[in-house]
Amino acid sequence: MKKSLLLAPLLFLGACTNKDEAAKTDGTIVTTVGMIGDVTRQIAGDKQEVINIIGEGTDPHTYQPSKSEIDKIQKAGLVLYNGHFLEGKMGSILKSRAERDNPVSAVAEGLAEVELIGDGDHPDPHLWMDLSIWSKVAGKIGDELAAFDPDNANQYQKQCQEYQEKLNDLHTYALMVFPTIPQKQRVLVTAHDAFSYLGRAYGIEVRGIQGISTESEAGTKDINNLVSYLVENEIPAIFIESSVPEKSVKTVIEGAAEKGHTVKIGGKLFSDAMGPAGTYQGTYIGMMDHNITTIVNALGGSAPEGGFQNKLND
Ligand code: ZN
């Protein structure tokens, strides 16, 4: 009896706090990058309004949210972001939300350390490049949705599992097609180091022209080293990225040509942003299918032109 008497005022306080909280937010879910926004939409279905901030062709490392976007982040019921300093210029706004105890979650943090590449304090943030890791992140997003809206938790869990199965199918496809690239040519050269996780997961060496963040320009020495490497190893193609300027890639191609080696552009890859909204490449699965299929075919391997579910040419 005593116990329930003690609990009663606590429950009342709890209800009050929740009500105040609800008054401050508009109930939307805001995500930073498309790879999180799309997964959240796939799992939430029609139950939640998901607003994604950083769109097609936009670099999250340097992205500064506009005033109205900051407003959306402040008002949202739940904010989901990558973390590991991917959203480099958004740290203070995300922190201020957390300080006011508004729900905010870095969905790519909290993975086991063995999953991470790079040093402990600053691991490489591009975790979506390994489908098996992003499937775990999808699980985390499912958990966040269930905690945010417990009434629909069962539905989120079911949709999360179905989505994870699709990710697993694409992961299996990648494991099948990457080994078709001749051993010597299993080298992916692209504008910045966004593909380390893809390299580790699917057995391809990765060389970035720039560093991990797009904020540093590639140095002349780095470019010269890379040109020598391409020439020595007869690498046939390097890649451009949708969210990074092409300048340094062209410098490398010209450098190789001066040494008598032709390097072609193997295609445009989606590194830190997805394709146009409403297209297959504008989904996380479509983006990764495009990347995998483009890389494999440009480097001399064989993958179906339409990708793992024949949707790339739609
Ligand atoms: Zn990046």
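Residues are numbered from 1 along each chain as its sequence is written, and side-chain values use heavy atoms, leaving out hydrogens and water. Because the model is predicted, local features need pLDDT of at least 70 and side-chain atom pairs count only at pLDDT 80 or more, while totals for chains, interfaces and linings use all residues.

Me: How many of the 11 residues of helix 2 are buried?
Reply: Helices are DSSP runs of H or I with at least four residues, numbered from the N terminus, and buried means under 20% relative accessible area with a 1.4 Å probe, counting protein chains only. Helix 2 covers residues 34-44 and is mostly covered. Among its buried residues are Met-35, Asp-38 and Ile-43, and the number of buried residues is nine.

Me: Is Gly-45 buried, partly exposed or exposed?
Reply: Gly-45 lies in the loop between helix 2 and strand 2, and just after helix 2 it takes a positive phi of about 60°. Partly exposed is the class between buried and exposed, the latter being over 50%. With a relative accessible area of 35%, Gly-45 is therefore partly exposed.

Me: What distance separates the end C-alpha atoms of helix 5?
Reply: The expected span of a helix is 1.5 Å times one less than its number of residues. Helix 5 has 18 residues, 131-148, so it should span 26 Å. The separation in the model agrees with this, at 25 Å.

Me: Which residue in strand 6 is the bridge partner of Val-189?
Reply: Two strands pair if DSSP finds at least two bridges between them. Strand 5 (residues 187-190) and strand 6 (residues 205-208) pair in the parallel sense over four bridges. Within this pairing, the partner of Val-189 is Arg-207.

Notes:
Helix = DSSP H or I, 4+ residues; strand = E, 2+ residues; numbered from the N terminus.
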